[in-house]
Amino acid sequence: MDLGVRWKLHGDGRTPAPGAVVRPDERLSWPRTAGLGAQHVVAMFGASFVAPVLMGLDPNLAIMMSGVSTVIFLLATRGRVPSYLGCSLSFVGVAAVIRAQGGTSATVTGAVLVVGVVLFLVGLAVQYFGARIIHATMPPIVTGAVVMLIGFNLAPVTASTYWPQDQWTALLVMLFTGLAVVCLRGFWSRVAIFLGLVFGYGISWVFDRVFGRIHSVGPGGQLTDHWRLDLSGVGKADWIGLPAFHGPSFQWSAVLVALPVVIALVAENAGHVKAVGEMTGENLDDKLGTAISADGIGSVLSTALGGPPNTTYSENIGVMAATRVYSTAAYWAAAGFALLFGVCPKFGAVVAAIPGGVLGGITVILYGMIGLLGAQIWIKSGVDLRNPLNLVPAAAGIIIGIGNVTLKFSDTFSLSGIALGTLVVITGYHALRALAPAHLKTQEPLLDEGTSSYDAPPPGSSRGEGGSGGSGGEGQRPTP
């Protein structure tokens, strides 16, 4: 069985020729491949370490399980889809809501484990029925609205939890990170969040030396005098050791809050597979279902041990685009580095010591970017918000999600925020579509403008119904 773990040496193994690319089944010399793997790990440092910290989970376990999940993904896709799987930011809002309702880390990981199972089943369905099943249930108006409300639902977390801990550090980190994202080029712009964290560490250390302790709300929520940067835990941590594991706990209320994230993860995976296919020049439509299922398996395994869920990372697409090296050997190397970081508690203690003010500045941009990805889905798909069939369910669901509106059914069961907003968007859209006049019903592309081939008719069919959102027939299935 071909597991995609054999690679041909590209050229002399040193530097690709001008205009050449290193394909997934090729590699450079092993030292250069290891260096590229380390670069991929650094590329996802910012978001992948911020996410578990914001979710209240062990960052050491997060990085370790990201390496394990990456291995699972590479094996499942037979080495055809180069990708690194890191902690998904889509779950940060879910964790905040669950904890606000009295949930523990076990409750968070239990709810997310169920999401992983559902994602795995969605992948199987896509493999069996084809990606048109996604189109039927989650058109772009629905997907974009859900991603948007998940991101913007996080705004109160920044405003009430992180920013008040050190508003001036938060402001400086926000400005620095924004400048890094906009002004830097290539690889450095891809690691702007990581650079923002490093800058925040430095500023916090300087402010502690210059101004002394700060009188503000501390990490525990109490108004106290405290150091901005407390590295006491770093000195106590061991250099080598296993992260802290814990089992999941299942509560229906928490599961209902987490389930809407399935939509965001499906969108992320579909976009990732399409982007990689376009960069490598290989049609990967047949691997979409496998990629989604592998994502689900990795998340189930991670959360079963107490870690965060994992998903494909756009930061690593940026690294591939900059280096033109798509070798899956580099991702195997990245997974190896992640496993090494995972067994270094001192490294995790450094991450856990990120000052609250630094997180305040980072999350202002990060949460907003998550929300605006929903708008990007609408723009790329050409969603017409002048059409009330699109406008009404999206408007209602987004306001419910952002405002954390609650619908109480009994003393023990209610729906609110992300869960209720997603339910309103999905059921509202499909109910209105069933009742709407014919002139309001327009065919929309799947997730983004580059997925026309997912809706292509089966071989031998003369019906061309699926290309409404495509561009020039890119990524079409080859004719047998």
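## Helix H21

Helix H21 covers residues 417–435, and its 19 residues reach 26 Å from the first C-alpha to the last, close to the 27 Å expected at 1.5 Å a residue, where the expected span is 1.5 Å times one less than the number of residues. Helices here are DSSP runs of H or I with at least four residues, strands are runs of E with at least two, and both are numbered from the N terminus. The buried residues of H21 include Gly417, Ile418, Leu420, Val425 and Tyr429, buried meaning under 20% relative accessible area, exposed over 50%, and partly exposed in between, with a 1.4 Å probe and protein chains only.

This is a predicted model, in which local features need pLDDT of at least 70 and side-chain atom pairs count only at pLDDT 80 or more, while totals for chains, interfaces and linings use all residues. Residues are numbered from 1 along each chain as its sequence is written, and side-chain values use heavy atoms, with hydrogens and water left out.

## The chain and its cores

The chain holds 21 helices and eight strands, and buried residues make up 52% of its 480 residues. Among contacts (heavy atoms within 4.5 Å) with a separation of 6 or more, 78% join residues 24 or more positions apart.

A nonpolar core is a set of buried Ala, Val, Leu, Ile, Met, Phe, Trp, Tyr and Cys residues joined through side-chain atoms within 4.5 Å. The largest such core has 91 residues, and those with the most contacts inside it are Met55, Val92, Leu288, Tyr367 and Trp378. Helix H14 (residues 261–280) gives the most to this core, with ten residues. A second, separate core of five residues includes Val22, Leu28, Leu36 and Ala330.

Ser204 lies in helix H11, residues 192–211, and counts as buried because its relative accessibility is 0%. Leaving aside neighbours within four places in sequence, Ser204 is in contact with Thr169, Arg228, Leu229, Pro355 and Val358.

Trp205 is also placed in helix H11, but with a relative accessible area of 45% Trp205 is partly exposed. Together with Val206, Val210 and Phe211, Trp205 forms a nonpolar patch on the surface with about 430 Å² of accessible area.

## A positive phi at Arg78

Arg78 lies in the loop between helix H3 (59–76) and strand S3 (85–87). Phi of Arg78 is near 55 degrees, a positive value in a residue other than glycine, and at 32% relative accessibility Arg78 counts as partly exposed.

Technical notes: Patch = residues over 30% accessible without salt bridge, like charges linked within 9 Å, V, L, I, M, F, W, Y side chains within 5 Å. Areas by Shrake-Rupley, 256 points an atom, 1.4 Å probe, with all protein chains shown as cover. Salt bridge = Lys/Arg side-chain N within 4 Å of Asp/Glu carboxyl O.
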